Amino acid sequence: MKYALVTGGSRGIGRAISLRLASMGYPILVNYVSNTAEAENTLRQIRELGSDGELIRFDVSDQEAVASALNGWHEQHPDDYIAVCINNAGIRKDNLMIWMESAEWAGVLNTHLNGFFQVTQPLLKNMLVKRFGRIINIVSLSGIKGMPGQVNYSAAKGGLIAATKALSQEIARKGVTVNAVAPGFIRTEMLDGLNEAELKKLVPMGRFGEAEEVADLVAFLASEKASYITGEVISINGGLYT
Ligand code: NDP
C-alpha cells in the first residue's frame, strides 16, 4: 500500500493537505511535534472522509528521532511504502538580523532545511525501487524574494528551493518528482500576531489565502496527472509579485 507522510499535519496547511490526500485515497501518516490533541483531530477528520492513517510524532529537526520513527514504521509495515512525502512542518522566529540570536537562526534552519533532508533521505530508496514517488516541499514567498525580519526563514526556504531543484534532477528518470509550493499569506496560526487588515492591502486579490487552496495545488502535484512536472516552484499568493 502507498502511504502519504505529511510533516506538520496536525494544524494549518498540513492538516488541509492531509485531508485532501486522504480524499484521494491515501492512508496518511500525520506527523507533529507537540500538539497531540490537534493531531488526533486531523486523524479523526481523515477517518470521517472514509480514509485512514496513523499519528507519527517526531521533531523533524532531530535526526535520531526521525530515523527511529521511520524505521519503526517500516518494521511494522514491511509491505507498504511512503510514496508521497510532504515536507510542510515549519516555524517562524522573526527578528532583524542585528538582533537575531543564534538559536533563532539555528532553530529555523534545522526545522526547514535539515528537516527536509532527515525526513526525505530515508524514503528515497523505496520510491526509486517502486518507480513512483512525489516529494513536495512547502516553501514560501520569503524564500524567493527574501523578507526583512526573516533572514533565517528566507535562507531556509531559499535553500529548500535549491535542494528541490537539485534533487529533482538526480531522480527524474525514476518516476519520482520533486516540487516546491510557495505560499504567500495563508490564514493559519503561523500568522497570529500579524496585521491582516494592513497586509492584505499588499495582495492584488485583497485577501489572505486559505489552507485548502494550498492543499488543492499540492494534491494535483501528488497525483498521477502531474507526472511531467518536476523541479518546479509554484507560487500561490493571490498575485503578489515575486
Ligand atoms: P502552523 O503554525 O499552522 O502549523 C505548523 C505545523 O508544523 C504544526 O503541525 C506543527 O506541529 C508542525 N511543526 C512545527 N515544528 C515542527 C517540528 N520541529 N517537527 C515536526 N512538526 C513540526 O503553520 P502553517 O500551516 O501556516 O505552515 C505550514 C508550512 O507552510 C510551513 O513550512 C510554513 O513555513 C509554510 N508557509 C506558511 C505560510 C502562511 O502564511 N501560513 C506562508 C508561506 C509558507 P504541532 O501542532 O505539534 O506544533
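Predicted model: local features only at pLDDT ≥ 70, side-chain atom pairs only at ≥ 80, totals over all residues.

1. Residues are numbered from 1 along each chain as its sequence is written, and side-chain values use heavy atoms, leaving out hydrogens and water.

2. The ligand is surrounded by 32 residues, and the closest are Ser10, Ser34, Asn88, Tyr153 and Thr188 (a residue counts if one of its heavy atoms lies within 4 Å of the molecule).

3. Two of these are worth a look for their distances to ligand oxygen. A polar side-chain atom of Ser10 lies 2.6 Å from an oxygen atom of the ligand, and a side-chain N or O atom of Thr188 is 2.4 Å from a ligand oxygen atom. On the nitrogen side, an N or O atom in the Asp59 side chain is 2.8 Å from a nitrogen atom of the ligand.

4. Now to helix α4, where Met127 lies (helices are DSSP runs of H or I with at least four residues, numbered from the N terminus). Met127 counts as buried because its relative accessibility is 0%, the cut-off for buried being under 20% relative accessible area with a 1.4 Å probe and protein chains only.

5. Beyond its neighbours within four places in sequence, Met127 is in contact with residues including Tyr81, Val84, Phe132, Ile135 and Val176 (contact means heavy atoms within 4.5 Å).

Technical notes
Helix = DSSP H or I, 4+ residues; strand = E, 2+ residues; numbered from the N terminus. Buried < 20%, exposed > 50% of the residue type's maximum accessible area, 1.4 Å probe, protein only. Polar contact = N/O pair within 3.5 Å; in protein donor to acceptor, adjacent residues only side chain to side chain.
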